[in-house]
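Here is a brief report for a reader new to this structure. Take a look at the model before reading on.

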Amino acid sequence: MASTSRRWWWWPWATPPPFSSSASRHHKGEGWGLGGPALVKAVGWLLLAGLLFRVLCSFPSSTSSPEISEGKCNLFDGEWIPNPSGPAYTNKTCRFIDGHQNCMLNGRPDMSYLHWRWKPYECELPQFDEVRFLSAMRNKSWGLIGDSILRNQVQSLLCLLSKAEEPIEVYHDKEYRNRRWHFQSYNFTVSLVWSPFLTKSEVFENENGQSTSEIQLHLDILDPIWTSQYETFDYVVIAGGQWFLKVAVYWENDRVIGCHYCQDKKLRELGFEHLYRRTLQQVFRFIASSNHKPAVLFRTWAPDHFENAEWFNGGTCSRVLPYKKGEYSGKDMDRIMRPIELEEFRNAMAALGGSRNSANLKLLDTYSISSMRPDGHVGPYRYPFLKGDKDAKSVQNDCLHWCVPGPIDAWNDLVMKMVLG
Ligand SMILES: *[C@@H]1O[C@H](CO)[C@@H](O)[C@H](O)[C@H]1NC(C)=O
Ligand SMILES: *[C@@H]1O[C@H](CO)[C@@H](O)[C@H](O)[C@H]1NC(C)=O
Ligand SMILES: *[C@@H]1O[C@H](CO)[C@@H](O)[C@H](O)[C@H]1NC(C)=O
């Protein structure tokens, strides 16, 4: 297991451990490895953080945010209903699917996960219309800013759009983290911007995803990779995610202010909650104060569905059906990150007030619809998988990223609806 597991988070598919660093520290040989006592400490810390209290008292339901409803219909409150016609594209018709998320190609035997569509209770969510979308986007430019979950969404977007026209890749960096595609006959540009922390960061990972030193994060400086391009975008999708849980040293005003789970360092423990909240405040402040006014969709936390164990010790996701409304209430980490997002988004909207700016910022609240799809993850089908040759537990499962095609296509249906009405 060691050699494949070590490559699990390997760039360019790399994401951080989807779980708290407490978990990852248990995993020897992964470069995050620390000791056992840290886990105990971490659990204690979580409890001290008053997590349970908040979980029980104030987890906002998906219907409790008036600002996320689109006019009369809350697009994010609904259920998955059977869709006999299946996905809009397949592994045969789309060439933009990463090998690690190409579940069809990698031999996922059940196809039922492809036969559901999202139905908001109060309205219909139309299927993505690639011709209509591209026509409306003539001469426009999109920037999609975030981590590998965002890249997951971009694959889906490119697959949906390429039914009308295949884009050409006009830019990529050496490591294919930042990429740009151009749809020639529409003069439409899609940019994928790799910025997992959204703030300025120094990451010391070798190509096996092993950390050689703690990540250094500058909480008061946004990542120039996206702020420098911001003015070129007419539309922006931006999101945080699992990277915020990593072991890191936090900086402000050019000095170290603390750390998250650093060992052997006499630094103040600053939980990742502080980091996440602070980062979102900065991001929203930037959006509000910039003279450039693209339409910005802030995408919410992406839930994982590891069961029985976690990502590093044999957790799996073998369900083949969506959850029904109310059947599943998420994981502890969801209940930490999501309220931070909703609070900071509300604060940002309140600060924008009734100004014309507020119309430019919207919540792309994919959390609830995604949390109802434990069946839609890559699971063991990250690599070509031969039935009978292996069983799902013998390979490291990916219960964080989504099969393409899969439920993540609905995220783009939502984008289309939110942007084009
Ligand atoms: C698509 O997936 C199927 C399995 O569902 C596989 O047989 C086929 O080779 C794949 N095709 C392409 C072009 O990847
Ligand atoms: C797109 O840009 C071209 C060249 O600047 C212009 O002629 C055309 O009218 C534009 N189309 C739209 C829909 O803005
Ligand atoms: C393409 O769109 C850009 C704006 O995004 C515009 O400046 C340019 O003139 C357009 N080119 C053509 C050939 O329409």
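## A facing pair

R180 stands opposite S191, a residue of β6. The model is a predicted one. Strand β5 covers residues 179-183 and strand β6 covers residues 188-194. The two pair in the antiparallel sense. Five bridges join them.

## The open sheet

Where do β5 and β6 sit in the sheet order? Seven strands make up an open sheet, and the order runs β4-β5-β6-β3-β9-β12-β13.

Two strands form the edges: β4 (168-172) and β13 (361-364). Each of these pairs on one side only. On average, neighbouring strands of this sheet are turned by 20° against each other, direction ignored.

## A helix on the sheet

Helix α6 packs on this sheet. The helix touches β3 (141-146), β5, β6 and β9 (235-239). The direction of α6 makes about 150° with that of β3.

Helix α6 spans residues 148-161, 14 residues in all. From first C-alpha to last, α6 reaches 20 Å. That is close to the 20 Å expected at 1.5 Å a residue.

Why is α6 said to be largely enclosed by the rest of the structure? The reason is burial: 14 of the 14 residues of α6 are buried. A residue counts as buried if 20 or more other C-beta atoms lie within 10 Å of its own.

## An exposed loop residue

P84 lies elsewhere in the chain order, in the loop between β1 (78-82) and β2 (116-120). Is P84 buried or exposed? P84 is exposed, because 6 other C-beta atoms lie within 10 Å, and a residue with 12 or fewer counts as exposed.

## Around the ligand

Which residues are around ligand 1? They are N91, K92, M104 and L105. By class, this shell has two nonpolar residues, one polar and one charged.

## The whole protein

The protein has 421 residues, and buried residues make up 46% of them. Its secondary structure consists of 11 helices and 15 strands.

Contacts can also be sorted by separation in sequence. Of the contacts with a separation of 6 or more, 75% are between residues 24 or more positions apart.

Key:
Residues numbered from 1 in each chain as written. Chains lettered and ligands numbered in written order. Predicted model: local features only at pLDDT ≥ 70, side-chain atom pairs only at ≥ 80, totals over all residues. Near = placed C-beta within 6 Å. Nonpolar A, V, L, I, M, F, W, Y, C, P; charged D, E, K, R; others polar. Helix = DSSP H or I, 4+ residues; strand = E, 2+ residues; numbered from the N terminus. Expected span 1.5 Å × (residues − 1). Contact = placed C-beta atoms within 7 Å. Pairing = 2+ DSSP bridges. Axes fitted to C-alpha atoms, helices over the stretch in contact; angles between N-to-C directions.
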